[in-house]
Amino acid sequence: MSHGDGEDEEEALGFEELGLDPRLLRAIAKRGLPKPTLIQQTAIPRILEGKDVVGRAKTGSGKTFAYLLPMIHKLLAHTENATGLKALVLVPTRELCQQVFDELESLLNFSGGVLTAVQLTTSMSSAVVKGAVTRRPNIVVSTPGCVASCIADGTISAPSLKESLATLVLDEADLLLSYGYEEDLQKLVLHVPPRCQCILMSATTSADVDKLKKLVLHDPVTLTLTEVDGSTKDDVVPSTVQQFMVRCEAEDKLLHLLTLVRFELIQKKALIFVNAIDTSFKIKLFLEQFGIKSAVLNAELPQNSRLHILKEFNLGLFDYMIATDDGKSDKLETEDQAGGKLKNRKKLKKRIMDAEFGVVRGVDFKNVYTVVNFDLPRTVTGYIHRIGRTGRAGNAGVAVSFVCEGDEGLLSSLEDVLSGDSGNAGEKRILPFPTITSGAVESLRYRAEDVARGVTKISIREARAKELKMEILNSERLKAHFEDNPADLKLLKHDKPLSKRQPPQHLRSVPEYLRDAEVMAAGKAMKAANAAIGRPSVSYTKKRKQNWEQDPLKSIGVRLLVGVILVAFSPLACCHSV
Ligand SMILES: Nc1ncnc2c1ncn2[C@@H]1O[C@H](COP(=O)(O)OP(=O)(O)OP(=O)(O)O)[C@@H](O)[C@H]1O
């Protein structure tokens, strides 16, 4: 662990030793968090001292509690003054708003209602926003765009904000500017009192983070958290995430994905990333014909549905989620990195405000073991954020990227950043995926190509329209009826088949004569590893997940064991590169 301000390493402290309020300690105990993560151990004392803090730590390292815990502690210590808006937490998207708000509420569970918190987003009607603000919350979680418009229309009074605000947090700071919030933040800063403590959290560094630091913070302490793991100093990607690639022709990506899934070469749950919404429907329709259920997640879907899909995926109600992340902010990032002028930023911002389309960045997907980059993202930062959806909170994970012609440029930038970052220049971090063989791929080629031919542009368009219609309906239902009956939400399914064609029975399994012996051996070894620690390798249903979660050792154990198997089978990759 290293601190940017050059301070010495610290002893590992427990939550109690951090001096947190007993009400918070009870909430932490209820959450079952064993001990603070590195960023929590380091940031909490600094924030309690009242310093402005810039915290940079890997994806999934627990940054949210690193600022929420000391922030709430301080508010609880001065409840006699807890009138008016004391703390403002700003995040780039509505999904993150919901996520941070949920975490916040879980920490306030034992505080007897002495502090009130609300979330404000642009998806709420102005009446709902006004109603929430009228309750005079002490803590607001929101996006910069929403707060700026609340200040502009007087819903939040600028003079009282200047009077009361004690803590301002910018979470996912590396994303805030690329999501078009610069102007809003500049306006907001004018209403932030000089004595207000400002905290900035991010997973990666960028010119944007520096800009924000200068705009908002006063003489901050910078905490840069790295972990030393053997001889490898791994800075941006959790060391528990193994990174692999599968080289193939672009038109063979579906075939390779089917091979990974059908032969269970990747572990569930899996998050499959694509760069275009149509591609996500293509994959869903394709997998559907093989009896493999999945759900899509993209910015086109209504907000309520998106949140609900996330919830269901987190509960383990389906195993494969195909997510389209926003290429638009990646594009801005690329322009930013190239030092280009962002002429259309204003126009883009309007669109962002309408859609706030970041559907996956910073989102805490639960129990994702595999991230598949079906399409490589457009930037290195995009890659880091995507693969950061696995290997969270010290769990193991695997990232598999399909690399095709034309991807070489990004791949070499990735290797530069990742290997330079590890301190071992030249060492490859993204290795060929060990357990896929050309025999296994070819055994499925005929069927895959046949099914892929049936997934036409028209069927994709129809499926996309059908899904949207279905989700708008779901969204309305969710809003109107299910607000008071959360249990009923389970009735809404997001992984329903979209194809007009009934999936043929014979595609549900691979006949004996098509099976590749080595791949089957790898698959069997994975299953044996799972079984040895009591984890069935069939669908990751809610019930199993609950059993699973009761014993965290199992979850860590199996993941490590499966990792070992992947490595053990790596010689296969040398003999059978595909
Ligand atoms: N001390 C802890 N021990 C175990 N798990 C923890 C601890 N603190 C947080 N977590 C869990 O770790 C997961 C990741 O936390 P969080 O979302 O805060 O990460 P992050 O660093 O903000 O990631 P990202 O940069 O991707 O947003 C969450 O599920 C959270 O509940």
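Two strands pair if DSSP finds at least two bridges between them. I also note that helices (H or I, at least four residues) and strands (E, at least two) are DSSP runs, numbered from the N terminus.

**Ground rules**

I am looking at a predicted model, where local features need pLDDT of at least 70, side-chain atom pairs count only at pLDDT 80 or more, and totals for chains, interfaces and linings use all residues. Residues are numbered from 1 along each chain as its sequence is written, and side-chain values use heavy atoms, with hydrogens and water left out.

**Entry 1**

I started with A87 and looked across to strand β5, where A87 stands opposite T167. Around that spot, β2 (residues 87-90) and β5 (residues 167-170) pair in the parallel sense, over four bridges. Strands of a sheet pair through backbone hydrogen bonds, either parallel or antiparallel.

Then I traced the whole sheet. It is open, has seven strands, and reads β3-β4-β2-β5-β6-β1-β7, with parallel pairing. Which strands sit at the edges? I found β3 and β7 (221-224) there, each pairing on one side only. From one strand to the next, the twist averages 15°. For angles here, axes are lines fitted to C-alpha atoms (for helices over the stretch in contact), and angles run from 0 to 180 degrees between N-to-C directions.

**Entry 1: α4 against α13**

Two packed helices are described by the angle between their axes and the distance between the axes. For α4 (residues 94-108) and α13 (residues 303-315), I noted an angle of about 50° and axes 10 Å apart. That pair is therefore oblique; angles under 35 degrees count as roughly parallel, over 145 as roughly antiparallel, 65 to 115 as roughly perpendicular and the rest as oblique. The α4 and α13 crossing is right-handed. As for the terms, a crossing is left-handed if the near helix is turned anticlockwise from the far one by less than a right angle, and right-handed if clockwise.

Who makes the contact? On the α4 side I listed R94, E95 and Q98, and on the α13 side Q303, R306, L307 and L310. Contact means heavy atoms within 4.5 Å. The residues of this α4 and α13 contact split into two nonpolar, two polar and three charged. The classes go like this: Ala, Val, Leu, Ile, Met, Phe, Trp, Tyr, Cys and Pro count as nonpolar, Asp, Glu, Lys and Arg as charged, and the others, Gly among them, as polar.

**Entry 2: F110**

I moved on to F110, in the loop between α4 and β3 (117-120). My cut-offs are under 20% relative accessible area for buried, over 50% for exposed and partly exposed in between (1.4 Å probe, protein chains only). Leaving out residues up to four places away in sequence, F110 touches R23, R26, A27 and K30. I also checked P22: its C-alpha atom is 9.0 Å from that of F110, with the two residues 88 apart along the chain.

**Entry 3: the sheet with β10 to β16**

Here I found an open sheet of seven strands with parallel pairing, in the order β12-β13-β11-β14-β15-β10-β16. Its edge strands are β12 (295-297) and β16 (430-432), each pairing on one side only. The twist in this sheet averages 25° from one strand to the next. Three bridges join β12 to β13 (residues 320-324), and the two run parallel. One bridge I looked up has V296 partnered with I322 in β13.

Helix α11 packs on this sheet and touches β10 (241-247), β11, β13, β14 and β15 (397-403). The direction of α11 makes about 155° with that of β15.

**Entry 4: α11 against α18**

Next I paired α11 with α18 (residues 438-454): the angle is about 120°, and the axes are 9 Å apart. That makes α11 oblique to α18. The crossing of α11 and α18 is right-handed. L254, L255, H256, L258, T259 and R262 of α11 meet A440, V441, L444, R445, A448 and A452 of α18. I sorted the residues of this α11 and α18 contact into eight nonpolar, two polar and two charged.

Most residues other than glycine have a negative phi, and most peptide bonds are trans. D219 has a positive phi near 45° without being a glycine. D219 sits in the loop between α10 (207-216) and β7, and is exposed at 74% relative accessibility. N367 has a positive phi too, about 55°. N367 lies in the loop between α15 (345-355) and β14 (370-373), and is buried at 16%. Last, the peptide bond from K268 to K269 is cis, with omega near 0°; K269 is in the loop between α11 (253-262) and β11 (270-274).
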